[in-house]
Amino acid sequence: MASNHVVEARGLSRDYIVHEGGLVRRTRRVVPALVDLDLVITAGEAVGYLGANGSGKSTTIKMLSGILVPTRGSVRVLGHDPVPERRHLTRRIGVVFGQRSQLWWDLPLKETYPILAAMHRLPGSVWRPRWDELVAGLELEGFLDTPVRQLSLGQRMRGEVAAALLHSPELVILDEPTIGLDMISKENLRRHLDEERRTRGTTILLTTHDLGDVQRLCDRMVIIDHGKLAFDGTEAQLAELTGARRMMTIDLDTPADGLVLPRGVELIDTEADGLRLNLRFERGVSAAQVLSAVQARAEVRDLSIEEPAIEDLVRHIYRRG
Amino acid sequence: MAELAQDRPVSWLRMMATLLASRWRSQMVYRGSMIAEMATQGFLILTEFLELWVLLTHAPALGGFSLAEVALVYFCANLGFAIADLTGGSLDATEALVREGRLEALLVRPTSLLVQMITQELQLRRIGRVVVGLVGYPLGLALVGIDWTAAKVLLAVLAPLGGALVYFSFLMGAGGFQMIVVGARQAANAITYGGKYAGGVPGGALFTPIRVFFTFVAPALFTAWLPMAWILGIDTPAGTPSWLGWFGVPAGLLALGAATIWWRAGLRHYTGAGG
């Protein structure tokens, strides 16, 4: 394993055994949840791990964090074999399960951290400065004395992230961290994670349904569909792969009569008696080419360009699968 | 907030103290209900004993034991069980953790699952049972009129400790079993609570196969009947001599070893099956 590989999975697969029927006529069915996943994540990367419900995201995360044994293939996380070396690994990774709390339900939020620090055997000189940093960064100050059960979802989630980061893990795995959060809470969380990565070089692996998380935080997307790797690359590569086209809306002073468009550009419709053009153009065509073609026929007053919605790109991948 | 040492790495004991203190504070949040429950738990032991008392008012002896001697066996077994239940009582509810997915949250921490479960789920209300045992057991020893020797004193002290080990093993084994067969909490607890019941009565009164089972397979009869029979000098049926009462602690340790294997198998199954 290369030394900067934080995650290295080769042919990683997991089957679940499902028993069906009654006591007598019982059938055993093997359901593949993840099939031959090859995934390498290097130190400092931020990877968005996307997939529909039941696509194998959680299965992957469980195998990476050592709570599920792979059926086939191999996986190393920070050089550890996750299941047999689970407790060593937990000292070096932080995991946030969006739906399962790491906090002490009945106690004020601030009491969680000394307990977790004790579990990680961190002396006060190590964890206290770090905690102060997290309290400031995640803006926890206002509700540190509130019992966890009384926190709002957004407050609790910030508390969860602080709990996962307290021991300064090298890899943070977040499973749906922004689910159910309002826009401000989401942005606050994303900003902090991004800062954590930039200042400490923390590797981030994020599963989400919210493509905003991926766009804001990740420079790489991995999409799995029905347990199989469907895409691994940047957003631009995804757009290229799916043949996604950009949209341009142009407002004119006079209608552009006799407009000749370059290859790969399509006029979808016109509005306001021809004073507004809605155009769609392929990846190979630049916005400048489209603009100059229009300018040859009429005076341009205003324009806007719309990138393909990431949702549409991902949907395209799912459909293809 | 618990203060941790500023510079030196935190020792295991320090960690345990922090975990237990947090548990104490958690329970103090619901002080009123906890005190009420403590009292109820203590009261429960007494009402359970009523059953035996009613039985003995109709038959003067049970398995060669008089009413006062039966009470002694009962309180000795219950003291052992109460100690085990205080520390490991949450292990028999492992199934709920599995079902709700909370086990996963515990598994991504660097502390052993067993330690986390014992400290996080420690129920102080169970202290009520321990208190009743601590009062009832010495009282029973005083009332039955024993001709005390040093050996008898030693065995009287060892018996509830062996009992605590045996019952803790039952709880731990049941927890391991629940990780393997989800939905089998009742089956898993059959040995724990069946063993507790069998351990609280004179074994001589039990049907032979049951007596043999709870002596040599699930060693519940080591927790009170055998040591008390030795102390009181009461004959026991062939195959289960009263001197076996001295082997309560070793039997408990053996059971604990077996329970550890079960627990690990449960955890391995859980990580193998994915919950």
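Glu139(A) is partly exposed, with a relative accessible area of 43%. Buried means under 20% relative accessible area, exposed means over 50%, and partly exposed lies in between (1.4 Å probe, protein chains only). Glu139(A) sits in the loop between α4 and α5 (153-165) of chain A. Its phi is positive, about 55°, although Glu139(A) is not a glycine. Most residues other than glycine have a negative phi.

Asp273(A) also has a positive phi, near 55°, and is a residue other than glycine. Its place is the loop between β11 (265-271) and β12 (276-281) of chain A. Is Asp273(A) buried or exposed? At 76% relative accessibility, Asp273(A) counts as exposed.

## About the model

This is a predicted model, in which local features need pLDDT of at least 70, side-chain atom pairs count only at pLDDT 80 or more, and totals for chains, interfaces and linings use all residues. Residues are numbered from 1 along each chain as its sequence is written, chains are lettered from A and ligands numbered from 1 in the order in which they are written, and side-chain values use heavy atoms, with hydrogens and water left out.

Helices (H or I, at least four residues) and strands (E, at least two) are DSSP runs, numbered from the N terminus.

## Asp194(A) in helix α6

Asp194(A) lies in helix α6 (residues 183-200) of chain A. At 14% relative accessibility, Asp194(A) counts as buried. Which residues does Asp194(A) contact, leaving aside its neighbours within four places in sequence? They are Arg216(A) and Leu217(A). Contact means heavy atoms within 4.5 Å.

## Aromatic pairs

A search of the whole structure finds 10 aromatic pairs over all chains. Rings of Phe, Tyr and Trp (its six-membered ring) pair if their centres lie within 6.5 Å; planes under 30 degrees apart count as stacked, over 60 as edge-to-face and the rest as tilted. The rings of Tyr113(A) and Trp131(A) have centres 5.9 Å apart and planes at 35°, so this pair is tilted. Tyr113(A) belongs to helix α3 (residues 112-119) of chain A, and Trp131(A) to helix α4 (residues 124-137) of chain A, 18 residues apart. Both Tyr113(A) and Trp131(A) are buried.

In chain B, Phe81(B) pairs with Tyr167(B). Their ring centres are 5.3 Å apart and their planes at 75°, so the pair is edge-to-face. Phe81(B) is in helix α3 of chain B and Tyr167(B) in helix α8 (residues 150-180) of chain B, 86 residues apart. Phe81(B) is buried, at 2% relative accessible area. Tyr167(B) is buried too, at 0%. Ring pairs link Phe81(B), Tyr167(B), Phe170(B) and Tyr193(B) into a cluster.

## Helix packing in chain B

Helix α3 (residues 67-88) of chain B packs against helix α7 (residues 127-143) of chain B at about 150°, with axes 8 Å apart. Axes are lines fitted to C-alpha atoms, for helices over the stretch in contact, and angles run from 0 to 180 degrees between N-to-C directions. α3(B) and α7(B) are therefore roughly antiparallel. Angles under 35 degrees count as roughly parallel, over 145 as roughly antiparallel, 65 to 115 as roughly perpendicular and the rest as oblique.

α3(B) also packs against helix α9 (residues 185-199) of chain B, at about 150° with axes 8 Å apart. These helices, α3(B) and α9(B), are therefore roughly antiparallel to each other. Val73(B), Ala77(B), Asn78(B) and Phe81(B) in α3(B) meet Thr192(B), Tyr193(B), Lys196(B) and Gly199(B) in α9(B).
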